[in-house]
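Here is a short note for a colleague who is opening this structure for the first time. Please read the points with the model on screen.

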Amino acid sequence: MQDGFVKVAAVTPEVRVADVAFNVDACVRAAQTACTVHGAMVVTLPELCLTAYTCEDLFWQDALLSAADKGLADFARRTADLNALLLVGLPVRVNAKLYNCCAVVCGGTILGVVPKRHLPTYNEFYEGRHFVPGTTDVVAIDVGGQLDVPFGTSQLFACDELSELVVAAELCEDLWVPNPPSVAHAMAGATLVCNLSASNALVGKADYRRDLVRGQSARLLCGYVYASAGTGESTQDVVFSGHDLVCENGRLLAEGKPFGDGLAVSEVDVRQLAAERRRMSTFDVAASGVQRGYHVTHFSLDECETRLTRYVDAHPFVPADPARRAERCEDVFNIQAHGLAKRLAHTHSSHAVIGISGGLDSTLALLVTVRAFDRLDLDRTGIIAVTMPGFGTTDRTHDNATKLSDALGVDLREVNIGDAVRQHFSDIGHDESVHDVTYENSQARERTQILMDVANQEGGMVIGTGDLSELALGWATYNGDHMSMYAVNASVPKTLVRHLVRYVADTCDNPEETEVLLDVLDTPVSPELLPATGDGKISQRTEDLVGPYELHDFFLYEVLRHGASPRKVFRLACRALGKTYDETTILSWLKVFYRRFFAQQFKRSCLPDGPKVGSAAVSPRGDLRMPSDACVTVWQAELDELR
């Protein structure tokens, strides 16, 4: 349960119709395997699995119902040594009526019995013939040889060792109705919903079922475990496929495919879910389930480290699937271009001024501006691309800036900043041979001054080129490249910038444009503020100075999007990128990230306007309301404990 991860399992055991003893054995074995082999701490078994779902009128037989009651007692006794919360389905008699129920068991004790609310009695289903629907009232019943067991739908099961783990149950059809019980469960505080199901196999139904479970987990900001009956059920009129699912906030974590091995195991991050609920001001959750009329039963599990098996995306901003990646790139381009087009139209600007370096960020900004001009039917010659070679500019980047501007048909202008910067050095008494921050930033600010003044000359606006990753690290010169009149890349992380440029290279119909874009992609990322090497190559590589952008973008996503602690970010980064970087390297750059992220907030507090394109951004008017004087002490202390 370390860092809020809880290993959960949906299991479909082999069953025989009406053979309770066989089914109890099968359920015990399934629970034992899920816990001892896979490390599961919450195990969900299918609907009515102690008897089988397809018993039909045999549910009227006292022999079967009594066997099920004894079977529950046997199941609880034989799983008492498992360090897990277990949910198992069976029919339960209460006051001469029969209910389709989920029994919640832990440490040999029956913690509660949750009846099904919505009984399908249509098409192939006849549950209303045998069962009555459960109610929200919670009363005490005797079941499985145990007295005073809570019975009713309004129940939560809270873990003492991990406060964010609050479990609720619903059964099959409960999920398919317009207002599922899980909605109320989540609003009462449940972070993990377990569904005991017997959903039969039909053509196309598996896809619908998967989308339904995934969608419900997203809507409720919860983990959702779905265990369905399998092929051991009667095939008299229908067939059951054992479709098992584990989802979290709209994401499919694990799936036991229909007619597969009947097992889905993964880790649900209940701490992240709780953090997401805190962030979402519209998610109405009670301070306690009792406030919503729920009966809350506490259970205890031995704390242990949860070994991660779930997929952790090393590049969370960039879809791995090529088709989805292309779709993402097109979406981002449209957001950027339409945002800029609106600003151009609102300000009646027919000119845009961009500093072109031959690097990735300025290339993307130019491509976005071209698309915005095309959308407004403006002449591309109104785009003024200014290349401003300085002390570190190489022939390669200069040539690429020139070639790209020509290929796109924009107005290219060149202003060499060498003499102006040297005059500035003389004015302030700076030794040009001292290549310090003054030497570098003077060049960046000179370039920004040129762009602003050209924009004034032409009645246009300066288009910012800096990206989200640079803003997070503060890798920008204050009032230099930090400033513009509209910053189109402000919420685009560096790892995505690269794919956006490649997307254009792959899809444009201009061979000259493609050729130069591919060379831009192959050029090391650099601000080119220090002199080139003797052979004219780039001497200043950004990633050598601040660290690999794929690491920083991963850190950025986990910190901004999930609010994860340094320990958790480190753990996830090691799992996602551990084959590329060793743990020492990851930790080293993580410390750099936190130090720079806190120290450089003052630059983000006065950012120019720019469009938000994804789920993480640093605009002071939007996603990140962070004080410029915040201390990194708490985060640094946790980092110092990591090894």
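1. A term comes first. A residue is called buried when its relative accessible area is under 20%, and exposed when that area is over 50%; in between, it is partly exposed. Keep in mind that this is a predicted model.

2. Start with strand S1, residues 5-11. Phe5, Lys7, Ala9 and Val11 point one way from S1. Val6, Val8 and Ala10 point the other way. Both sets are buried. S1 is therefore mostly covered by the under-20% cut-off, with seven of its seven residues buried.

3. Which strand runs antiparallel to S1? It is S14, residues 263-269, joined to S1 by seven bridges.

4. Ala9 has Val43 as its bridge partner in S2.

5. Look next at the loop between S1 and H1, where Ala18 is found. Its phi is near 70°, a positive value in a residue other than glycine. Is Ala18 buried, partly exposed or exposed? It counts as partly exposed, because its relative accessibility is 31%.

6. Phe259 also deserves a check. It sits in the loop between strand S13 (251-256) and S14. Phi of Phe259 is near 60°, again positive in a residue other than glycine. Phe259 counts as exposed because its relative accessibility is 52%.

7. Helix H6 covers residues 270-279. It is mostly covered, with seven of its 10 residues buried. Among the buried ones are Val270, Leu273 and Ala274, and also Gln272, Glu276 and Arg277.

8. Now the whole chain. It has 643 residues, and 57% of them count as buried. There are 20 helices and 20 strands. The C-alpha atoms fill a box of roughly 100 × 50 × 45 Å along the principal axes. Among contacts with a separation of 6 or more, 72% come from residues 24 or more positions apart.

9. Last, surface and charge. The accessible surface of the protein chain is about 26,200 Å², and carbon and sulfur atoms account for 48% of it. The chain has 59 positive and 85 negative charges. How far apart are the mean positions of these charges? They are 3 Å apart.

Notes. Residues numbered from 1 in each chain as written. Predicted model: local features only at pLDDT ≥ 70, side-chain atom pairs only at ≥ 80, totals over all residues. Heavy atoms only, no water. Buried < 20%, exposed > 50% of the residue type's maximum accessible area, 1.4 Å probe, protein only. Helix = DSSP H or I, 4+ residues; strand = E, 2+ residues; numbered from the N terminus. Pairing = 2+ DSSP bridges. Contact = heavy atoms within 4.5 Å. Areas by Shrake-Rupley, 256 points an atom, 1.4 Å probe, with all protein chains shown as cover. Lys, Arg positive; Asp, Glu negative; His and termini not counted. Charge placed at Lys NZ, Arg CZ, Asp CG, Glu CD.
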